[in-house]
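This report walks through one chain. It starts with the overall build and then turns to selected residues.

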Amino acid sequence: PRPDLDFIVSEGTNCSPRFIRTSMYNIPSTSDLQKKCGIPLGLVVQPFAEVGPSESLLPVLDHGPEGPIRCNRCRTYINPFVQFSHSGNKYTCAFCGCLNDVPPNYYSPLIGNMRQDHTERIELCRGSVE
């Protein structure tokens, strides 16, 4: 939605536009198209934006002293777009493609290509968590 409109966010796997908004909704798939388009790709990031009056607050997670699971290469937090493999022992980062080990305390067996505890891990279901 446009930033000047009132809207209610029903958040799924994508982050609320209240927290991150791009300068364009359709991103060119090649650098040539990007150059022809002439619109710079940018992000407006507001990590502490207020949620609307009819919206739920961000879920707060506690991953203990180790902190949240992060990619070994790019340090991205685990998110709904990672792909689990090797019977749930590894995951592929959605940003850099690095294959990472799943810590033993975070392991869950797979059913098909989904974790058995997928719905219980809010960081794997929501685009925004605290």
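## Overall build

How many helices and strands does the chain have? There is 1 helix, and there are 7 strands. This is a predicted model. Read from the N terminus, the order of elements is β-α-β-β-β-β-β-β.

The C-alpha trace spans about 45 × 40 × 30 Å along its principal axes. The chain holds 130 residues, and 26% of them are buried. Its accessible surface comes to about 9,100 Å². Carbon and sulfur atoms account for 55% of that surface. Take the contacts between residues at least 6 apart in sequence: 43% of these join residues at least 24 apart.

## The nonpolar core

In soluble globular proteins, nonpolar side chains tend to be buried together. Which residues make up the largest nonpolar core here? It has 11 residues in all: Ile69, Cys71, Ile78, Val82, Phe84, Tyr91, Cys93, Cys98, Val102, Tyr106 and Leu124.

Tyrosine 91 belongs to this core. Neighbours within four places in sequence aside, tyrosine 91 contacts the core members Ile69, Cys71, Ile78, Val82, Phe84, Cys98 and Val102. Its contacts also include Arg70, Gln83, Leu99, Asn100 and Asp101.

Arginine 115 sits in strand E7, which covers residues 114-115. Is arginine 115 buried or exposed? Its relative accessible area is 4%, so arginine 115 is buried. Setting aside residues up to four places away in sequence, arginine 115 touches Phe84, Val102, Tyr106, Tyr107, Ser108, Pro109, Leu110, Arg121 and Leu124. Among these, Phe84, Val102, Tyr106 and Leu124 are members of the largest nonpolar core.

Arginine 115 also has a charged partner. Its side chain meets that of aspartate 117 in a salt bridge of 2.8 Å, N to O. The two side chains are also joined by a polar contact of 2.8 Å. Both arginine 115 and aspartate 117 are buried. For aspartate 117, the relative accessibility is 11%; buried means under 20%, so aspartate 117 counts as buried.

Aspartate 117 has a salt bridge to arginine 121 as well, at 3.2 Å, N to O. Arginine 121 has a relative accessible area of 21%, so it is partly exposed.

## A salt bridge across the sequence

The whole structure contains 4 salt bridges. One of them joins the side chains of arginine 18 and glutamate 55, at 2.7 Å, N to O. Why does this pair tie together parts that are 37 residues apart in sequence? Arginine 18 lies in the segment before E1, while glutamate 55 lies in the loop between strand E2 (43-45) and strand E3 (83-85), so the bridge ties these parts together. Arginine 18 and glutamate 55 are both buried.

## The two end segments

Serine 16 is another residue of the segment before E1. With a relative accessible area of 3%, serine 16 is buried. Residues up to four places away in sequence aside, serine 16 touches Val9, Glu11 and Ser128.

Glycine 127 lies in the segment after E7. At 30% relative accessibility, glycine 127 is partly exposed. What does glycine 127 contact, leaving aside its neighbours within four places in sequence? The answer is Glu11, Gly12, Thr13, Asn14, Cys15 and Pro80. Proline 65 is 62 residues from glycine 127 in sequence and 23 Å from it in space, C-alpha to C-alpha.

Ile20, Leu43 and Val45 make a nonpolar surface patch of about 280 Å². Isoleucine 20 lies in strand E1, residues 20-22. Its relative accessible area is 39%, so isoleucine 20 is partly exposed.

How values were computed:
Residues numbered from 1 in each chain as written. Predicted model: local features only at pLDDT ≥ 70, side-chain atom pairs only at ≥ 80, totals over all residues. Heavy atoms only, no water. Helix = DSSP H or I, 4+ residues; strand = E, 2+ residues; numbered from the N terminus. Buried < 20%, exposed > 50% of the residue type's maximum accessible area, 1.4 Å probe, protein only. Polar contact = N/O pair within 3.5 Å; in protein donor to acceptor, adjacent residues only side chain to side chain. Contact = heavy atoms within 4.5 Å. Core = buried A, V, L, I, M, F, W, Y, C linked by side-chain atoms within 4.5 Å. Patch = residues over 30% accessible without salt bridge, like charges linked within 9 Å, V, L, I, M, F, W, Y side chains within 5 Å. Areas by Shrake-Rupley, 256 points an atom, 1.4 Å probe, with all protein chains shown as cover.
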